[in-house]
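Here's a quick tour of a protein and its DNA partner. Have a look at the picture, then work through the points below.

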Amino acid sequence: MERIAVIDFETTGITPGAGCRATEVAVVMLEQGRIVERYQSLMNAGVPVPAFVAGLTGITTAMLRSAPPVDRVMNEVAEFVGDTPLLAHNAAFDQKFWDYELSRIGRSRSQSFACSLLLSRRLLPAAPNHKLGTLTRWAGLPDTGTAHRAMADAEMAANLLQHLVGELRGTHGVQRLDHAFLCKLQKVPAAKVREALLKLR
DNA sequence: TGCCAGGCCCTCTTTAGGGCCTT
């Protein structure tokens, strides 16, 4: 499969533009099933981290005071990603913050997002739930470090993508597998995935 | 003033409701 950029944001909340900003970003570049490059940075957008989120991520307001400014980090990560196709776990969330933070520095997204949450619901229906951490443990994937930090979560999502690719190739016999295929598959109604895979492979 | 996400997915559905998932 072609090069894919797996991205994860940590933020101060759920909704960008309602006071919520990105606090950390990580991207791992996957090529032929291997991580070949990494980018990770905290970023200071000048907003406080709510106590609940600091407890969840371990990222505090104090840590962000000494982090590089958000504009510099977003420019760097945008250059790093370029027009490489993207993937995230619950991509609707990361896409929202990617688009929002890029718009603040006068940039915009050119590529589409694939979503390992939507794909997991379709390809791993027997999993107890479809949280990134649960899927990682359930599928026996490597421990990547502290969950809810950007790099650990990006690596987990990358490992999960490789597991999903294995399912598609092994269990479902899909031959032509690329980012566009993943984007198409994640839009197939969950109840019709088996039928769709027979046609798509 | 008071409220505060939103798209996906299932079902005791479709003139709707509630849980999931991300921080």
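Which kind of oxygen of DNA strand B lies 3.2 Å from a polar side-chain atom of Asp153? It's a phosphate oxygen. Keep in mind that this is a predicted model.

**Around the DNA**

- There are 26 residues around DNA strand B, and Glu10, Asn90, Arg122, His130 and Leu132 come nearest.
- Of the DNA strand B atoms that come within 4 Å of the protein, 65% belong to sugar and phosphate.
- Thr15 has a side-chain N or O atom 3.0 Å from a sugar or linking oxygen of DNA strand B.
- Asn90 also points a polar side-chain atom at a sugar or linking oxygen of DNA strand B, at 2.9 Å.
- Strand S1 and helices H1 (51-57), H4 (91-104) and H5 each give two or more residues to the surface near DNA strand B.

**The paired strands**

- S1 (4-11) and S2 (22-31) run antiparallel and are joined by eight bridges.
- In this pairing, Ile4 sits opposite Leu30 in S2.
- S2 also pairs with S3 (residues 34-42), again antiparallel and with eight bridges.
- Here Met29 stands opposite Glu37 in S3.
- S2 and S3 make a hairpin with two residues between them, and Gln32 in the turn has a positive phi of about 50 degrees.
- S2 is mostly covered, with nine of its 10 residues buried.

**The nonpolar cores**

- The largest nonpolar core has 35 residues, and those touching the most other members are Val6, Leu161, Leu168, Phe181, Leu182, Leu185 and Leu197.
- S1, S2, H5 (116-123), H6 (132-138), H7 (150-170), H8 (179-185) and H9 (193-200) each supply at least two residues of this core.
- H7 gives the most, with 11 residues.
- Val6 touches residues including Val28, Leu30, Leu87, Ala157 and Leu161.
- Apart from this core lies another one, of 28 residues, among them Cys20, Val27, Val81 and Phe113.

**A buried arginine**

- Arg21 is in the loop between S1 and S2.
- Is Arg21 buried or exposed? Its relative accessible area is 8%, so it counts as buried, the cut-off being under 20%.
- The side chain of Arg21 makes a polar contact with the side chain of Glu101, at 2.8 Å.
- Arg21 also touches other residues, including Thr11, Val47, Phe97 and Arg104.

Definitions and conventions:
Residues are numbered from 1 along each chain as its sequence is written. Chains are lettered from A and ligands numbered from 1 in the order in which they are written. This is a predicted model: local features need pLDDT of at least 70, side-chain atom pairs count only at pLDDT 80 or more; totals for chains, interfaces and linings use all residues. Side-chain values use heavy atoms; hydrogens and water are left out. Helices (H or I, at least four residues) and strands (E, at least two) are DSSP runs, numbered from the N terminus. Buried means under 20% relative accessible area, exposed over 50%, partly exposed in between (1.4 Å probe, protein chains only). A polar contact is a pair of N or O atoms within 3.5 Å; within protein, one must be able to donate a hydrogen and the other to accept it, and residues adjacent in sequence count only if both atoms are side-chain atoms. Contact means heavy atoms within 4.5 Å. A nonpolar core is a set of buried Ala, Val, Leu, Ile, Met, Phe, Trp, Tyr and Cys residues joined through side-chain atoms within 4.5 Å. Two strands pair if DSSP finds at least two bridges between them. A residue is near a molecule or strand if one of its heavy atoms lies within 4 Å of it. Lists of a residue's contacts leave out its neighbours within four places in sequence.
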